[in-house]
Amino acid sequence: MSVPSAAAGQSEADLRDTYRQAVGAARKGQFSRSKALQESLNDYPLAPYVTYHRLNNSLGQVTPRQIDAFRQQYSQLPVTPLLYQRWLKVQGKRRQWQRLHNRRYATTNAELKCYFVRAQYGVGEKSAALDATSVLWSQPKSQPKACDPIFAVWRGTQRFTQDIVWQRFSGAMENREYVLARYLQRYLTGSKRTAAKAFYELRRQPQRLNWRGGFAADTAEHRSAISYGVRRLARRDAAKAETAWTKFQSSHRFSDNDRQMLNDHIVVGLAKDNRFPSVEQRDSLSSQFVVAGLVDAAIAHQQWAELQYWISQLEPAQLAKTRTRYWQARAQQQLGGAADFVSLASERNYYGFLAAAQMDATAKLQAMPTYRMGADEETALLSIPGIRRAKELFAVGDNLNGRREWYQELDRQDAKTQRLLGYVAKRMGKLFLTIQTANNADARDDLALRFPLEYSSAFNAVALRHSVDVNLLRAITRQESAFQPKAKSSAGAIGLMQVMPATAKLAMRRGNLSQVLGAGSGRVIEQDLLIPERNIEIGSYHLAWLLRRYDGQRPLAIAAYNAGESRVDRWLKKARSIPTDVWIETIPFKETRNYVQNVLAFNVVYQGLESPPQGVLQDDEWATPAG
C-alpha cells in the first residue's frame, strides 16, 4: 500500500489530494488505507473529517464508545450532532431500546422522536410511551414510517378513539394535508365517517355547503366542516358563502369567536368583489385579519377612500411598514391631498423606489463604501478555526459541509467580523455565501457584498446579442439563485438563471442558439445548464423573448419568467389597463408578487452601481395593457 509520507513539507495541493484519497477510501470501506492516509495529514484542518466519513460510512458497526469519543473530541464540528443523530436512528432500527432510552434528548426530528417513544415502550414504560404516542399521532401531518409499529400498538388501546381521529382529520384538512385526511377516513365510522367524507369534498367543491341537507345536523363535526367550507368558499364566491353562512349561523350553535371569524372572512371575500362594508358596519370590524384584507381589496379596486380609512385601522407595526406607507401616500395622492412620499423615497427597497418615482426623484441607494481589506486582516480571518475548515472544504469540493462550518462560525462572531467575512467569501468566489454573510451581519448597505458583478463578460455579451438590459439580467440572476452556478430547485430549474430544461429546449429552438453555444445536436442537457455561460445565454434569450412578447413591459416579462406566460395572460385579462403598481400588488401568487418586486428593485440597484439609477418603472410601464 502506497501512502504519502508525513513530511512537514507537503504542499497545500498535496494535503488536499491526500485528504480526498482518505475520504474516498473511507467511502469504499477501505478503513485501514483511510487511517494510514489520515496519519500523513498531521494537523491539516480537515483531518477530523476523515474520521467522520469513516464513521458515517459504517454506522451499523460504530460502538457507543466510538461515537462518544468522536463527540467529545470533535464537539466543535457542525457534523458531529448530525452524525450522532444518524447513529441513534440506526440504534432504533436495530431495536437497541435500552441504549436509545438512556440517550434520549429533546429534538425536533420527527423520526428520532418516534424511536425515542418506541424505546420508552421497549424498556417497559408502556403507559408513558403510549401517552406520548397520542401526541405524535395527533399531529396534522404524516409521520415517519419509524412511528408505524408504535402506532399499531397504540391503535389497539382505549386511547384510540373516534374523537382523536376526527381531531387529526380536521387538523389535516385545515393544514391542507389532503392525502393524510383521505387516509384517516378509514378509521372513522358511522356519522363521523359520513361527515368526514362530506367535509373532504369541500376542498374542491365548497359550494356543496348550499346543497340541501348536507350539513343540516348541528354536530361538532358539521360545525368544523362548515367553518372550513365557508372560509374556502368566501375566497371563490363570497356571495354564495354569505348565503350559506346566513343559513348556518341561525341553525347551528357556533361560538361567538367562530361567528366573528367567519363574518370577517365573508366581509373580506365580499370586498374582493368590490362590495365594501357600510360605514355603519365599520365599528364591528376590528380584527387585523379583516382590516388587512380590506386594505388589499381597496388597493385592488382602487377604492382610495376605503384604502385611506382601513389603513388608519392597522396596528402600529403594520403602519410602519414600507408597503403601508406607500399605499397610504397613493391614497392621499388620488384623493387630492398632500401625498407624503418624501420620507419613504429615501429608502432602498421596492416601495422606496416607487415613492421616488412618484416624485420624479432619483432613487437613493444609501450605499456604504466598499471595504478595502488588507492581506494581514484576511490572513487573520482565515485563521479562525471554523473559517479555516470551511475554506478547505470548499477547496476539496465539499460545499455542503463548507457552508455548515461557515454558518456555525459566523454565528459566533460580532457584526463587524461577520461583514469582513463577507469580503473573504467574495474573494473565494462564493457569491451566495457573500450575500448571505452580509445579510447575517445586517450590512444591508454594503452593496459591494450584496450585489455581485461577477460573470460580467458573459452578461455583457448576451445583453448586446439579445438587446436586453444587462442590469435586468443581473437582477434576475440575483433573485433566482443569488449567483449559484449549480443551484437546482425542487421544480427542476437549474443554474444561475434557474432555467427549466423544457424552457431551455424551447429557447434553443426559438433562438437557434446551438450555433452560439456550440451544441451541434441542438439538444440541451442538465450539464449544459450548469455551465454559467450557457445558462446565462439561454436564460437571457428567454427573458428577451418574453420582453418582446409583452411589448417591452418588464413587470409582465419578469412575472412570466417566474410563473409562466399562460398565468400572466390570465391575470392580464382581469387587469383592464390598471396602474402597474396596483397590478403587481394583486398578482395572485405571493411568490411571483415578491419576485417581481425584488427584481425591479434589484434592477435599480444594479443600475445605480455604475451610473445614476433610473426609475423603478419606465414611462410606458405605469399602466398595464388592457386585457
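Seven helices each put at least two residues into the lining of the largest pocket: H13 (220–236), H15 (256–272), H16 (288–300), H19 (322–334), H34 (565–573), H35 (580–585) and H36 (590–610). Helices here are DSSP runs (H or I, at least four residues), numbered from the N terminus. The model is a predicted one, in which local features need pLDDT of at least 70 and side-chain atom pairs count only at pLDDT 80 or more, while totals for chains, interfaces and linings use all residues. Residues are numbered from 1 along each chain as its sequence is written, and side-chain values use heavy atoms, with hydrogens and water left out.

As for the pocket itself, a pocket is an open set of points on a 1 Å grid over the protein atoms alone, where a 1.4 Å probe fits and protein lies on both sides within 12 Å along at least five of seven lines; lining residues have an atom within 4 Å of a point. The largest pocket holds about 1800 Å³ of space, a volume being the space filled by probe spheres set on the points, which are joined across faces, edges and corners. Its lining takes in 46 residues, and Lys272, Asp296, Glu585, Thr586 and Arg593 lie nearest the centre. Sorted by class, the lining of the largest pocket has 20 nonpolar, 12 polar and 14 charged residues (nonpolar: Ala, Val, Leu, Ile, Met, Phe, Trp, Tyr, Cys and Pro; charged: Asp, Glu, Lys and Arg; polar: the others, Gly among them).

Next comes the second largest pocket, with a volume of about 550 Å³. It is lined by 22 residues, and those closest to its centre are Met500, Tyr561, Asn562, Ala563 and Gly564. Here the largest share of the lining, 4 residues, belongs to H33. This lining splits into 9 nonpolar, 9 polar and 4 charged residues.

On to the rings. The structure holds 27 aromatic pairs (rings of Phe, Tyr and Trp, using the six-membered ring of Trp, with centres within 6.5 Å; planes under 30 degrees apart are stacked, over 60 edge-to-face and the rest tilted). One of them joins Tyr49 and Tyr52 edge-to-face, at 6.0 Å centre to centre and 75° between the planes. These two tyrosines sit 3 residues apart in helix H3 (residues 47–56), so about one helical turn separates them. Tyr49 and Tyr52 are both buried (under 20% relative accessible area; exposed is over 50% and partly exposed in between, with a 1.4 Å probe and protein chains only). Elsewhere, ring pairs link Trp304, Tyr326, Trp327, Phe341, Tyr350 and Tyr351 into a cluster.

The charged end of Arg168 sits over the ring of Trp137, 4.7 Å from its centre, and that of Arg478 sits over the ring of Phe451 at 4.8 Å (NZ of Lys or CZ of Arg within 6 Å of the ring centre and within 35 degrees of the ring normal).

Finally, the backbone. Most residues other than glycine have a negative phi. Tyr455, though not a glycine, has a positive phi of about 60°; it lies in the loop between helix H26 (447–450) and helix H27 (456–466). Gln498 isn't a glycine either, and its phi is positive at about 50°. With 11% relative accessibility, Gln498 counts as buried, whereas Tyr455 is partly exposed at 25% relative accessible area.
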